[in-house]
Amino acid sequence: MTIVVVGAVCALIGSLWIWAAEIDKANRDREENYVRTGLMHLAETQARLMAPMTIWNEAVKRTAVTFDHQFVADNYGSYFSEYLNYEQTFVLDGLNRPVLAWEGKQETSLSAYDRLSGEIKRLSKDLRERHYIYTASGIGFTSKTNAIARLTVLDGHVYLLGASLILPDSTRHDLTHYAPYLVAGAHRLSNGELAALSKGNLLSDITELRNGQTVSQDQARAVFTDSTGQEKAELTWRPSRPGLDLFMRALIPSLLVSAGLGGVALALLHRSQKTARSLIASEARAKHMALHDGLTGLPNRTLFTDRLNQATERLRRQGGAVAVMCVGLDRFKDVNDTLGHSAGDELIRHSAQKISGMIRAGDTLARLGGDVFVIIQTDTDAHSTAALAKRVLEGLKGQVTLESGPVYSSCSIGVTLLQEADIEAAEALRQADLALYRAKEQGRSQYAFFEVEMDATIKLRKLLETGLREAIHVEAIDVVYQPQVDHNGRIVGVEALARWSHPQRGPISPAYFVPLAEECGLMMDLGSLIMRRALIDSRRWPGLKVAINVSATQLRSSRFLPELKDMLRETGVEPRSIEIEITEGMLLNDDQPTQNTLNALRQMGFSIALDDFGTGYSSLSYLSRYPVDKIKIDRSFVSNLGVDPDAEALIRAIIKLAKALHLSILAEGVETQAQSNILRQAGCAIIQGYLFSKPVDRNEIDVMMEGQAANQVTHITNGRYIAGVR
């Protein structure tokens, strides 16, 4: 009996070993396929980004019609290097002859094209044949079809190649009859991209083998060759071995059973069955982990792509429409910064649960990372998609109680409605992401549908973001001051205001670049720059209070108070000469960090002003709970004085409220003498607006203060400040 049991156990162990080896081999093949598919997807995505710069009437005029070397260098050499991450860019004429070679950040010799000429010629041949077939058939050649990508090997490294024809964006005959020029780019696969590919596919670190380097036999490999099959490069990583892991777990029980007596045969059988079930369950868990987000359990990017491909396949067969929605949590970074990452994770799980309850059983909710969720809504139309977006907006809006404290939650949504089945998942996601940017730019807590012109808007935003980052770095932000005066024209304070002029785009409104700084993580640096300038300038005007706006990001940052104290020591400014202005919206969450910071500012000697009063939320509770010294009546109320009787009644009520609470009051946006008279009669002693002066630089404030010190009278003539003797 013992021999039979041992023989049976040995047979079982041998079977498990073979099964484990087959599982490991299948897993290795699957991982290699993930690597190859991921790299090709990366190459195709990068190639499609060429299209906005190649389908362009002006580009055809400056290449095929009249070759403008500088234009080609700027828009294809420099631009593709800086924004599309191509280390080498080549422009070929209609006969596939190189006319521009660009490497790194500068133009190089056309001989640099020789190393890649064979690969690029094959790309050009395939793309031009495709263009000929589409044109001859009367099919439009779109930004999606006007891009082709390949993987190749050069000097033992994997390169991503992309090419796109320079075509007009209209059907003008004077532009379409020219043989189109072609732009090709080459990008060497980087370690960072390999790391991202590893993380996205749940693989160990993928590395590129150097010449002569050897690796152990248990390493997984993906071999790439050039078109001739001679030169090759290898990527390697340590594959997961679920079969071996499961085998080792089953081995010890099997050995114990084999060393026992015949009486343990039944126990061995039971154990074997249990082990088999464990293997199946473990494999199921492994498959689930490979396709789902670890934090929320929702489908991840891989499963999202598969579900979207299934949806578009049904769209091809049945027609209709499929919607892809990007849902981004508003100001999620503030939650992480103030309450910690555990609170951020808790908010993400809460949001995932809420959204899951709002979609249909046949729809898909996925999490692609960070605070962004994606919804695939099948069998829909524009009306149904908008209705779902509204439900999600309402469902995620409001106060959420986390373990670390309450937070206010809201979201913005970008939507693309797919009615063509040949769109790829990456392009659909890109369109929804662009629409999400638009929703956030328009003020958050809303949804926006994708429109073609959003591509240009995002490019402009990137341009301005880069310019703002550089302007803050070199301190090219100006600070101007708008006087705050009594009804006799005597200046009692000034408000510091930021101004920025982009080198190419000219002056940019603070209403645009301040929110841009918030979104790009530049608000602390921008706020510190303005604060330091205002503190230094305040020493020029003894006895004059300088008001400085402080954002919610600054108030909730642990850097704010220490940096402010350092500035006070450096400049020697007394806090009592500075007024900190905040908006009602900052107090909405009623969070403890904000309250602690405001109390600390008050104890240091700063006065606190509540800006844009009456435009936000229920302010009475804030006035009693926070250390506010002054309220500023918003310009939207002042502009209606003398026009809307309700505006005057509302302002009188605000003034009575301020006096009852022993608060100072100031009216913004005063532009006419009639408005000033009404405010004076209502009891508002201090005004600010164009009636007295627009925002001016510090030198003009010096002139105003000198005139005031000399007991002079100020007049307004055509909106300009003029001083005259009393």
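Predicted model: local features only at pLDDT ≥ 70, side-chain atom pairs only at ≥ 80, totals over all residues.

Colleague: Thanks. Where do Y79 and Y83 sit relative to each other in helix 4?

Modeller: They are 4 residues apart in helix 4, so about one helical turn separates them. Helices here are DSSP runs of H or I with at least four residues, strands are runs of E with at least two, and both are numbered from the N terminus.

Colleague: Is Y79 buried or exposed?

Modeller: Y79 counts as buried, at 18% relative accessibility. Y83 is partly exposed, with a relative accessible area of 37%. The cut-offs are under 20% relative accessible area for buried, over 50% for exposed and partly exposed in between, with a 1.4 Å probe and protein chains only.

Colleague: And which residues form the aromatic cluster?

Modeller: Y76, Y79, F80, Y83 and Y86 form one cluster.

Colleague: What about the pair of Y134 and F141?

Modeller: Their planes are at 75 degrees with the ring centres 5.6 Å apart, so that pair is edge-to-face. Y134 is partly exposed at 25% relative accessible area, whereas F141 counts as buried at 15%.

Colleague: Back to helix 4. What span should it have, and what does the model give?

Modeller: Helix 4 covers residues 69–83, and its 15 residues should span 21 Å at 1.5 Å a residue; the end C-alpha atoms are 20 Å apart, which agrees. The expected span is 1.5 Å times one less than the number of residues.

Colleague: Which residue caps its N-terminal end?

Modeller: D68 does, with a side-chain oxygen 3.3 Å from the backbone nitrogen of Q70. Buried positions in the helix include F71, V72, A73 and N75.

Colleague: What comes after helix 4?

Modeller: N85 follows, and its phi is positive, near 70 degrees, although N85 is not a glycine. N85 is in the loop between helix 4 and strand 1 (88–92) and is partly exposed, with a relative accessible area of 41%. Most residues other than glycine have a negative phi. D155 is another non-glycine with a positive phi, near 55 degrees; D155 is found in the loop between strand 4 (148–154) and strand 5 (157–165).

Colleague: Switching to sheets: what is the strand order in the open sheet of 3 strands?

Modeller: The order is 7-9-8, with antiparallel pairing. Strand 7 (207–208) and strand 8 (220–225) are at the edges with a single partner strand each, so one side of each has no neighbour in the sheet. Two strands pair if DSSP finds at least two bridges between them.

Colleague: How many bridges join strand 8 to strand 9?

Modeller: There are 6 bridges, and A222 has L235 as its bridge partner in strand 9. The two strands form a hairpin with 6 residues between them, and G229 in the turn has a positive phi of about 80 degrees. Strand 7 is joined to strand 9 (residues 232–237) by 2 bridges, with T207 partnering T236.

Colleague: Which face of strand 8 is covered?

Modeller: The covered face has A220, A222 and F224, while R221, V223 and T225 make up the uncovered one.

Colleague: Last one: what does the side chain of T416 make a polar contact with?

Modeller: The side chain of Q431, at 2.7 Å. A polar contact is a pair of N or O atoms within 3.5 Å; within protein, one must be able to donate a hydrogen and the other to accept it, and residues adjacent in sequence count only if both atoms are side-chain atoms. T416 lies in strand 15 (residues 411–418) and is buried, with a relative accessible area of 3%.

Key
Residues numbered from 1 in each chain as written. Heavy atoms only, no water. Phe/Tyr/Trp six-rings, centres within 6.5 Å; stacked < 30°, edge-to-face > 60°.
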